Amino acid sequence: MRPPPFEDMLVSLDASARIPAGMVSETREVMALGRRFAREVVRPRALELDARLHEDPDHLDWEFVKTANEWGLYSMWLPKFFGGGGYNFMSMAPFIEEVSSQCLAMANLIGVHYLGVGTLSASWNAQIMRRVFSEVAQGEKTGEPCLISLAITEPSAGTDAEEVDLMDRGEMSCRITRCDGGYKVNGTKIFISNGHLSTWHMTMGFEDLSRPSETAIMLAVKTGTPGFSFGRIERKMGQKACPASVLVFDDCFVPDELVALDHRQFSGLSRSHRQTTMQVIDYVVSTSRAGVGAFGAGAARGAYEEALAFASETEVDGTLLVNHEWAQCLLAEMYKNVSLARLTYMETNYANALYGFFRLMGSAPFFYSMKYAPRPLLDRLSGLFGSGWATRMFRQTHLENQLESEAHRTSGWASLCKFTATDLAVKNGHLALELMGQAGLRHDRRVEKHLRDAKLLQIYEGTNQLNRLNLFKCMAGADCGQAEPFCDCPAA
Amino acid sequence: MLTIGDKGKKLLADAATDFANKALLPDREENDKFPFGPFFDQALETALELGFLHLALPESMEGMGPGITDLCVVCDRLCQVDASMAGILFTNSFAQRLLLAAGEAKTLEEAAGQDSARKVLLAAPVFNNPGEIRHLARAEKDNKNRWRLTGGVPYVVLGGVAARAVLPAAVEGSKGFGWYVVNANSPQIVKSATVFSLGLHACPAVDMTIDGTPATPLAGPEDGADLFRQVADAMQLVAGAMAVGLMKGSFREALDYSKKRRQGGKRIVEWSELTRILAEMSIHARMAEAALDRACQAADHGEHSWEHLAAAVSLTACSLACEATTDGIQVLGGVGYMKEYGQEKRFRDAKQIQALLGLAPMRRIKYLRRMLR
């Protein structure tokens, strides 16, 4: 067995020499903004909103979405040439951690929008990116939020939808049929985070349900399109303010100009349709799972901070709890969990910067030219970036030039991050409750909410079991020729 | 709980299961909405009719005698379906046992003889060890030499439902504390809105602010810690039984679902990692159940050091239940996180139950310190 490659082992060391120094100061600025937003907007409303949703699970918190919109948070990380704020994508994770440390649901109301952004971006379809992202930016000017969701999970396919090996054996049911000038979509998507609050829905479906990985299509569907409707909002244990929606497609016509990726667009690529589908999924999850890692770090931190505050003000057996040795060790354990979760999302983002999503945007020439180019010049370039040329350039850079080993490195690290950080978040919720006893059970002490909210992190963006298998496929077992991921031996 | 070879316990267990399936299961999601939905008074009255509110009482008060096993059997069965009612039984029994331990039969008989559940029930702050975290009222005698309580006691379970409450209080300047019975509906007690909690929503608690309400002391004003320890030694087995019930309920629902749900072309129970998780859940549940059964026998027979065994079993069962119910959601994936299934409630309830009788880490430390004495 060969030792692990340097590039797998020490991603951050490798990245430190190549990442533009300007990203550090920019990330510091973004983190400060995250802290201010968490302090001024999120913490004061988190409990009240959670309780309200316990009473009325159908409530949609437009008030928060509008506030986040006013703060510019829905376009902050979109490229400037598409009208966005142009902040580097890596800086989003520390921002998300700050918000999550106060309320995971509200963090999702922001972060899940970027799951939609990331999915559309992973198609590298510059024309649709320009159209949709411009609407998001415009929405901030008009005060009418324009969010993007990702519609992938189906009633009979959760885990299966995120891995081509499983997809073909699964029970995918969202059918896409070719018709004049576009496609018709039929099917139901479930557990779609932010569904009811979103204007655009990046939707995955399949032309041939018996060969989904070879016929996958990505469409941008706008709320209000005939044949598209919202179903129920799920009754969740936590993350209540972030609605999990059912989306219904009934002969929903989507014109060609909103087809982000289909077989016709795959034809110019050297990878097969199936391979490209997996590559696109890997692009999406390599960033989204780092984002979930940041959610996890935030939830773990929130639990830790509340536990520390409690221990600092409560006497147990006549001594402040924080001065009991066992409590100090437990709090140190919780602090470690937060730090480990943070390290995993940063390491994953370094991998994305060197080998994945942020490869182009994170390069020094691109970063500085976008950061310092005057807005009018970028506005003039917008047309260029929204053209077929830009789509070809993006796809050449990100799809064609990405090696298989690079895709595996980003996807593997993302899975490692996802299950590590979210397991640690749940762990810290448990530990905080054990430390606080009766006080921790109370909603007004916030810790029980952190635990309830954190549990979902182990499930979405691929269950932690799927992510362990993906890590095995991409890195842990990659050199083991005999290994066959996603097969499993038959039951005796 | 194992009831093999004991007809009486088998009958009791079957009655509890029947009650859980008929009176609790159909409205489980609805009942869990409390305080944003109605309280399940009807189910509580049925529990009274079945004698579940008297299980901890002596036979002379229509109870099952001094043993703890019967209460454990019932709570195990209830928790497989819905733990809130078991939380009520726990609280009521804890308070009843405090009265019994203090020899306060008169108040107990009076409460037990009432004809409606709310009048029978006793409230108590069962999630705190008052010797550990001193959430105590102030006890003082008035000019007629009657005890009165003043101050605040948080998280009094059933405080908004029960007719009487058993509260801890200390005389000014004292390092100890005592237990006192008060009229929970006394005009000198102001109750908060129901405390919105992690789990056991239908076993609600309130914070009490007290202004000189008359109180009946249980034993002496410094005897509270001894009484608590005496009662908690046995009641921790009931917490363990609740944990075991949750583990079994969680495993059963996970197994049933995994036989139906397909993923990657086959039933998820056929994927070996999931099989391993299910196996782990089952192994832990069985192990905890067997250990609990043994610990109950030891307690009922007053075997040497039964309290240590009870603590070991209770702490382990509660901890395993938190793990098992976490996995119980995971097996179901997204739907396990939704209210329509029982798994998310079991997850919350297990964590809540782990907090019974005080901080779990302190209970562990005290377990060893007592052994070293």
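How many salt bridges does a search of the whole structure find over all chains? The search finds 64, a salt bridge being a side-chain nitrogen of Lys or Arg within 4 Å of a carboxyl oxygen of Asp or Glu.

## About the model

This is a predicted model, in which local features need pLDDT of at least 70, side-chain atom pairs count only at pLDDT 80 or more, and totals for chains, interfaces and linings use all residues. Residues are numbered from 1 along each chain as its sequence is written, chains are lettered from A and ligands numbered from 1 in the order in which they are written, and side-chain values use heavy atoms, with hydrogens and water left out.

## Where chain B meets chain A

Let's start with the interface between the chains. Here 52 residues of chain B are in contact with 56 residues of chain A, where contact means heavy atoms within 4.5 Å. The area buried between the two chains is about 4500 Å², and carbon and sulfur atoms give 63% of it. Buried area is the accessible area (1.4 Å probe) that two parts lose on being put together, summed over both. On the chain B side, Phe196(B), Gln330(B) and Tyr337(B) lose the most area to chain A, together 17% of what that side buries.

There are five salt bridges between chain B and chain A. Lys351(B) and Glu434(A) meet in a salt bridge through their side chains, at 2.6 Å from N to O. Helices (H or I, at least four residues) and strands (E, at least two) are DSSP runs, numbered from the N terminus. The most comes from α11(B), with six residues.

## Two domains of chain B

Chain B is assigned domain 1 (6-121), domain 2 (123-222) and domain 3 (225-372), with bounds that come from an automatic or database domain assignment. The centres of domain 1 and domain 2 of chain B, taken over C-alpha atoms, are 22 Å apart. Their contact takes 27 residues from domain 1 and 24 residues from domain 2.

Between them, domain 1 and domain 2 of chain B bury about 2100 Å², with 72% of it on carbon and sulfur atoms. In domain 1, Phe34(B), Thr91(B) and Leu121(B) lose the most area to domain 2, together 23% of what that side buries. One salt bridge is found across this interface, along with five residue pairs in polar contact, both at pLDDT 80 or more.

Inside chain A, the side chains of Arg409(A) and Asp8(A) form a salt bridge at 2.5 Å, N to O. Arg409(A) sits in helix α15 (residues 404-436) and Asp8(A) in helix α1 (residues 6-9), so the pair ties together parts that are 401 residues apart in sequence. Arg409(A) is buried at 8% relative accessibility, and Asp8(A) is buried with a relative accessible area of 15%. Buried means under 20% relative accessible area, exposed over 50%, and partly exposed in between (1.4 Å probe, protein chains only).

Another salt bridge joins the side chains of Lys371(A) and Glu26(A) at 2.7 Å, N to O. Because Lys371(A) lies in helix α12 (residues 364-372) and Glu26(A) in helix α3 (residues 22-55), parts 345 residues apart in sequence are tied together by this pair. Lys371(A) is partly exposed, with a relative accessible area of 24%, whereas Glu26(A) is buried at 3%. Glu98(A) and Arg301(A) form a salt bridge too, their closest N and O atoms being 2.8 Å apart, and both residues are buried. Salt bridges that share partners join Arg35(A), Glu97(A), Glu98(A), Arg301(A), Glu305(A) and Arg342(A) into one network.

## Two buried residues of chain A

His273(A) lies in helix α10 (residues 273-313) of chain A and is buried, with a relative accessible area of 14%. A polar atom of the His273(A) side chain lies 3.0 Å from the backbone oxygen of Ala216(A).

Pro94(A) lies in helix α5 (residues 92-100) of chain A and is buried, with a relative accessible area of 5%. Leaving aside neighbours within four places in sequence, Pro94(A) is in contact with Thr27(A), Met31(A) and Tyr345(A).

How values were computed: A polar contact is a pair of N or O atoms within 3.5 Å; within protein, one must be able to donate a hydrogen and the other to accept it, and residues adjacent in sequence count only if both atoms are side-chain atoms.
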